[in-house]
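Trainee: I would like to go through the terms used for this structure and see what each one rests on.

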Amino acid sequence: MINVTDAARTILARNDRGGYTVPTDGLYPFQWNWDSAFVSMGFATFDIDRAYQELERFIQGQWNNGMFPHIIFHVPSDSYFPGPDVWQTDQCHSKKPLTSGITQPPVFGMALRFLYETVLATGRHDMLARTHTLFNAALRSHRWWLEARDPDKRGLVAILHPWESGSDNSPAWDEALVRVPTTTKTEICRQDTKHVNATMRPRNIDYQRFIHLVEVYRECQWDPIKQWSHAPFKIADVQMTAILARATADLIWMASQLNLSDALGELFTMHQLLINGLNSRWNQHIRGFVSLDLISGKDIEKPTQTCFIPLIALELDSYQRKFIQEEIERWCQGMVIGIPTTAPFSPDFESKRYWRGPVWAVINWLIADGLRKNQLKELATIIEGNTISVIERAGFCEYFDPITGEGLGGNTFSWTAAAYLVLRR
Ligand code: 2M8
């Protein structure tokens, strides 16, 4: 019988397109931003050179203004919509490879620390120059985040498109999305529903809005200042801010390891701002952290996984710790596998539809990490153990039905394989 760790490595090898990894064959044929960061950590458990390469191929797509795009189109493929012809970013950012025009959660800095810790543990000092290059790219991208997505210095960075959040179809975005027109100039040729059952994917009306947003920003010629003032969708997202805050703390650690004292002051200021912003988002009713709709001015009081992600960056007080532990346990009650991405008692919960209930291994990985950081080790161990077991039972699927434990979405998924390798090690 094939060993599951070997099977996970085989998936990464199969999805390798020559130094970068696609999330899964067919459905997602390019290099995705946060997928690649998770994948690099998976590679680091057995092939540190390949782990570095993943990030190096990724930064080839970094924009001059520092932004890390959400998709890097290294080679053409017609199995995904929207492709480069819809984004048209080449008119403003002529550098190859072609990319999309929006971003995704900045797990990159967290990955870089993970890789560098592996380098230190194995004594591979020849990786220093490579580490410096990646560190500089990460620092530029963090500067872009603060300038472009928190111009008012709230300490909370905003998403301008649900695709940026990574949890594209989350009920957290429903109310804000309703305000986005469904009109598009682009013909929508969905490819995702050719690979995956349409009942598990976003609806057509959501896609119309997704593409409408792309068109608005394309008309702004991808200029961050114009985008900020024209955005019909603008949410100060606690998941994004938490990942950025944690990645900033990891860059602080890197800067001290690498004796980069010049960067330290700037990183400390950035970190403090983000921590203050996150702390201001605690919501006693939800018993977690909530995002803020910057257009309506309303708190987004939807019970989604987003509420727990700030644990990766914050030190909770004892009350918050207790509430969060109770809340996660409540969400997991009666589930074959937790943590659902939407609370099962919520009217928005759908156990099989994309980001409206199913369990993602990488989300569990982040939340377990946050629980550990906050002295909730027992719960973290349970979540990690359950994640490993569901993958062993159902395979390396994109996500899992929390009620049945069934594997759903794309198969042979790279970040699920990476999560397995990291959680199992
Ligand atoms: C999903 O998002 C893409 C758009 O970026 C899509 O649905 O077409 C999300 O799960 C996202 O978090 C993930 O990075 C991407 C690739 O796995 O797929």
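Trainee: Why is Gln-305 called buried?
Mentor: The word buried applies under 20% relative accessible area, exposed over 50%, and partly exposed in between, with a 1.4 Å probe and protein chains only. Gln-305 has 0% relative accessibility, so it counts as buried. This is a predicted model, in which local features need pLDDT of at least 70 and side-chain atom pairs count only at pLDDT 80 or more, while totals for chains, interfaces and linings use all residues. Residues are numbered from 1 along each chain as its sequence is written, and side-chain values use heavy atoms, with hydrogens and water left out.

Trainee: Where does Gln-305 lie, and which residues does Gln-305 touch?
Mentor: Gln-305 is in the loop between β8 (292-293) and α14 (318-332); helices (H or I, at least four residues) and strands (E, at least two) are DSSP runs numbered from the N terminus. Taking contact as heavy atoms within 4.5 Å, and not counting residues up to four places away in sequence, Gln-305 touches Ser-167, Gln-239, Trp-331, Thr-341, Trp-355, Ile-363 and Ile-367.

Trainee: What makes helix α17 (residues 414-424) largely enclosed?
Mentor: Of its 11 residues, 10 are buried, so α17 is largely enclosed by the rest of the structure. Among the buried residues are Trp-415, Tyr-420 and Leu-423. The buried residues of α17 pack against α1 (4-14), α2 (33-44), α5, α15 (361-373), α16 (377-394) and β9 (399-400).

Trainee: Why are α3 and α5 called roughly antiparallel?
Mentor: Axes are lines fitted to C-alpha atoms, for helices over the stretch in contact, and angles run from 0 to 180 degrees between N-to-C directions. Helix α3 (residues 48-59) and helix α5 (residues 108-122) pack at about 150 degrees, with axes 10 Å apart. Angles under 35 degrees count as roughly parallel, over 145 as roughly antiparallel, 65 to 115 as roughly perpendicular and the rest as oblique. The pair α3 and α5 is therefore roughly antiparallel. Their contact includes Leu-55 and Phe-58 in α3, and Leu-112 and Leu-115 in α5.

Trainee: What is the handedness of the crossing of α3 and α5?
Mentor: The crossing of α3 and α5 is left-handed; that word is used if the near helix is turned anticlockwise from the far one by less than a right angle, and right-handed if clockwise. α5 also passes α12 in a left-handed crossing. The axes of α5 and helix α12 (residues 238-257) come within 7 Å and cross at roughly 35 degrees. That contact includes Arg-113 and Tyr-116 of α5, and Asp-250 and Trp-253 of α12.

Trainee: How do you know that β1 and β2 pair?
Mentor: Two strands pair if DSSP finds at least two bridges between them. β1 and strand β2 (residues 71-73) have 2 bridges, in the antiparallel sense. Trp-32 stands opposite Ile-71 in β2.

Trainee: What makes β1 and β3 edge strands?
Mentor: The open sheet of 3 strands has the order β1-β2-β3. β1 (31-32) and β3 (98-99) each have a single partner strand, so one side of each is left without a neighbour in the sheet.

Trainee: How many disulfides are there, and how do you know that Cys-332 is in no disulfide?
Mentor: A search of the whole structure finds 0 disulfides. A disulfide is a pair of cysteine sulfur atoms within 2.5 Å, and the cysteine sulfur nearest to Cys-332, that of Cys-307, is 14 Å away.

Trainee: Why is Cys-332 called partly exposed?
Mentor: Its relative accessible area is 22%, so Cys-332 counts as partly exposed. Cys-189, at 34% relative accessibility, is also partly exposed.
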